[in-house]
Structure formats: structure tokens, C-alpha cells
Amino acid sequence: MTGQKVPYRVGPRRPGDPAVLVASAEKAMAELGWRPRYTELEDIIATAWQWHRRRPRGFKG
């Protein structure tokens with residue numbers, strides 16, 4: 001998606017790490033009436049990458 005290599009290292013779980021992580025917007029949708037603008041992982045990554053490219057210092061500039 002980004003055309004960039006992302007360095008990473010796979011290692012053992014750390015103390016306190018959850019055994020499983022699940023992400024879902026269903027509760028926010030049901031309780032708040034909120035709808036995500038992007039639902040496909042590729043779109044989420046692409047728009048996040050575009051934001052970071054425009055703002056390499058994050059919210060600081």
C-alpha cells in the first residue's frame with residue numbers, strides 16, 4: 001500500500017499483552033450511530049499513509 005518497507009520484528013508476547021485482539025466498529029455504530037468513513041483495510045491504510053506523508057510531524061505540523 002505504501003511502497004515502503006516497514007521494519008518489524010516478531011517476538012514473544014510481553015507480560016500484559018492480550019492473547020487476542022479484535023477490532024470492530026459495531027458497538028460504536030449501534031450505540032452512537034457512528035459510521036466509519038472507510039471499511040476496507042486497504043483504504044484505511046492508504047488514507048492513513050496519505051495523512052502521515054502530508055504531516056510527517058503528526059499534529060505538530
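Does L41 count as buried or exposed, and at what relative accessibility? Select L41: the residue counts as exposed, at 56% relative accessibility (buried means under 20% relative accessible area, exposed over 50%, partly exposed in between, with a 1.4 Å probe and protein chains only).

This is a predicted model, in which local features need pLDDT of at least 70 and side-chain atom pairs count only at pLDDT 80 or more, while totals for chains, interfaces and linings use all residues. Residues are numbered from 1 along each chain as its sequence is written, and side-chain values use heavy atoms, without hydrogens and water.

Next, display the whole protein. There are 2 helices and 0 strands (DSSP runs numbered from the N terminus: helices are H or I of at least four residues, strands E of at least two). The radius of gyration is 16 Å, well over the 10 Å that the globule rule gives for 61 residues, so the protein is more spread out than a compact globule (taken over C-alpha atoms; the rule is 2.2 Å times the number of residues to the power 0.38). Of the 61 residues, 2% count as buried. The C-alpha atoms fill a box of roughly 35 × 35 × 25 Å along the principal axes.

Now select residues 41-54, which form helix 2 and include L41. W49 also lies in helix 2; this tryptophan is partly exposed, with a relative accessible area of 30%.
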